[in-house]
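Subject: Structure handover

Hello,

The structure you are taking over is below. My notes on what was found in it follow.

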2 protein chains.
Amino acid sequence: MTYCCGILVRDGLVMIADTRTNAGLDNVSTFRKLHIFEAPGERIMAIASAGNLAISQSVLSTLTEGMEDPHTGEVETLLNAPTMFQAAQRIGRAIRAVHATEGDALRAEDISFDVSFLFGGQIKGSRMRLFMVYTAGNFIECTADTPYLQIGEHKYGKPVLDRAMHYDVELYEALKAGLISMDSTMRSNLGVGLPIDVLVVRTDACEADLNHRIEAGEPYFHDLRSRWSAALRAAHQNIPRPPYKNEIEAKAKKEETR
Amino acid sequence: MTYCCGILVRDGLVMIADTRTNAGLDNVSTFRKLHIFEAPGERIMAIASAGNLAISQSVLSTLTEGMEDPHTGEVETLLNAPTMFQAAQRIGRAIRAVHATEGDALRAEDISFDVSFLFGGQIKGSRMRLFMVYTAGNFIECTADTPYLQIGEHKYGKPVLDRAMHYDVELYEALKAGLISMDSTMRSNLGVGLPIDVLVVRTDACEADLNHRIEAGEPYFHDLRSRWSAALRAAHQNIPRPPYKNEIEAKAKKEETR
């Protein structure tokens with residue numbers, strides 16, 4: 001399993017990915033799922049992946065080697081894509097290329113061709129963008145109305161984002177919310193686990209503001225987890241008890257007054 | 001979609017079910033999913049259902065009409081089951097009876113035979129028990145280690161229960177946690193909605209302490225929702241910002257000191 005989320009606010013972009021992969025519960029490993037393509041000051045792009053690891057790695061390798069455009073002969077990569085939109089299209093094309101090569105054989109083994117990506121970043125002179133690319137290579141783009149996208153095990157961490165996130169949240173506050181969302185997911189799904197890779201990019205910087213791996217036992221993340229737990233417990237305790245009438249008492253009273 | 005949860009604590013049992021059913025997003029209705037079978041002072045049992053409504057209703061009708069035991073000729077219902085365990089087995093038998101009648105025809109229409117139940121209650125002289133019955137009619141029982149069970153859209157509301165719930169939580173505190181869990185689910189999945197049916201049974205009472213329907217706009221539940229939202233926002237704000245080093249600043253400093 002996997003959990004990755006991308007958050008796009010006015011100040012910039014946050015991308016967070018766990019590193020746990022598993023082929024069954026008895027075969028758990030650590031693999032990087034957040035990949036950064038950077039020409040500092042000129043462009044920065046990042047891909048986070050979920051789904052079948054063999055497929056997502058092949059897609060990434062295809063993108064890194066580049067795909068030849070049959071008309072122009074140009075070898076197309078992410079780093080030479082003219083726009084973020086065209087870069088997202090190239091990811092779609094790479095997925096379909098892997099599907100063309102491996103799809104039939106996977107189907108014969110009853111393995112579903114399951115892969116998805118978050119793709120975010122900025123090319124100098126254009127705006128910062130964030131996309132979610134599906135298995136068929138089609139994609140949607142994140143907008144200010146719901147300034148985040150998720151792939152993988154998205155449900156446990158969604159309520160927190162729905163409540164905390166809007167387009168004007170400060171960039172490192174957005175990172176904080178993303179880490180809380182990751183914490184909620186890790187608590188409920190063993191298939192999502194530390195270390196966590198984090199990328200923060202400030203709008204118009206075109207280079208990483210933060211490119212960090214949170215390892216198990218790191219004090220800040222440990223503190224965030226305990227504070228969030230304590231706050232949830234306190235929030236629960238501070239809500240008044242349900243005032244609904246006890247039916248047995250109500251019945252007894254009714255009988256008394258007869 | 002549906003969300004139901006059952007909570008079994010030392011003090012008693014809480015069962016909560018939403019009432020929204022949908023056949024596609026364009027066909028949404030309200031149906032009761034929490035059904036109570038009661039002989040006050042002698043036994044109380046409750047069933048909450050998720051999955052295909054036609055199947056769950058047929059299972060309930062089968063249980064209410066009773067199934068004849070081929071050996072003894074006795075007509076078996078929930079209300080004459082000798083134990084909670086045997087009552088849970090009868091639910092399983094009813095599911096398999098409906099499957100025998102309708103399974104092939106559903107399969108021919110490509111409709112999956114999908115149904116699950118929470119079944120809780122107490123028979124005088126025995127302990128309070130809570131079960132989750134699966135599509136095949138097999139079931140698991142709730143224990144003190146994880147004192148709750150969920151069916152339907154369970155993920156959004158699980159983190160709250162994981163943090164708030166343990167076996168010694170007071171009964172109406174458990175109801176409160178269940179309502180917060182329901183709120184989290186309703187916010188993220190439109191297929192789960194008001195009104196909400198609630199049952200609270202105190203250990204050894206063998207009758208409902210509370211059998212209540214929470215309608216839209218009810219002040220307590222409305223207040224619980226806003227307090228929980230506000231508390232989550234505050235909790236998020238009160239966690240310190242991530243201290244991770246800004247890479248651009250770090251680079252600049254490094255260059256300065258050269």
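**Pockets and symmetry**

In chain A, β3 (20–22), β6 (43–51) and α1 (53–65) each supply at least two residues of the lining of the largest pocket. Please note that the model is predicted. The lining of this largest pocket is made up of 21 residues, and those nearest its centre are Met1(A), Asn22(A), Gly51(A), Asn52(A) and Leu53(A). By class, its lining residues are six nonpolar, twelve polar and three charged. The space in the largest pocket comes to about 420 Å³.

The second largest pocket holds about 350 Å³ of space. It is lined by 21 residues, with Thr21(B), Asn22(B), Gly51(B), Asn52(B) and Leu53(B) closest to its centre. Here the elements of chain B that each give at least two lining residues are β3 (20–22), β6 (43–51), α1 (53–65) and β9 (115–123). Six nonpolar, twelve polar and three charged residues form the lining of the second largest pocket.

On to how the two chains are related. Chain B is superposed on chain A by a rotation of 180° with 0.0 Å of shift along the axis, at an RMSD of 0.0 Å. This is the relation of a two-fold axis. Within chain B, Tyr156(B) has the C-alpha nearest that axis, at 2.6 Å from it.

Which surface do the copies meet through? Of the interface residues of chain B, 100% are also interface residues in chain A, so the copies meet through the same surface.

Regards

Note on methods
Residues are numbered from 1 along each chain as its sequence is written. Chains are lettered from A and ligands numbered from 1 in the order in which they are written. This is a predicted model: local features need pLDDT of at least 70, side-chain atom pairs count only at pLDDT 80 or more; totals for chains, interfaces and linings use all residues. Side-chain values use heavy atoms; hydrogens and water are left out. Copies are superposed by least squares on the C-alpha atoms of residues with pLDDT of at least 70 in both. Contact means heavy atoms within 4.5 Å. On a 1 Å grid over the protein atoms alone, a cavity is a set of points where a 1.4 Å probe fits but cannot get out, and a pocket is an open set with protein on both sides within 12 Å along at least five of seven lines; lining residues have an atom within 4 Å of a point. Grid points are joined across faces, edges and corners, and a volume is the space filled by probe spheres set on the points. Helices (H or I, at least four residues) and strands (E, at least two) are DSSP runs, numbered from the N terminus. Ala, Val, Leu, Ile, Met, Phe, Trp, Tyr, Cys and Pro count as nonpolar, Asp, Glu, Lys and Arg as charged, and the others, Gly among them, as polar.
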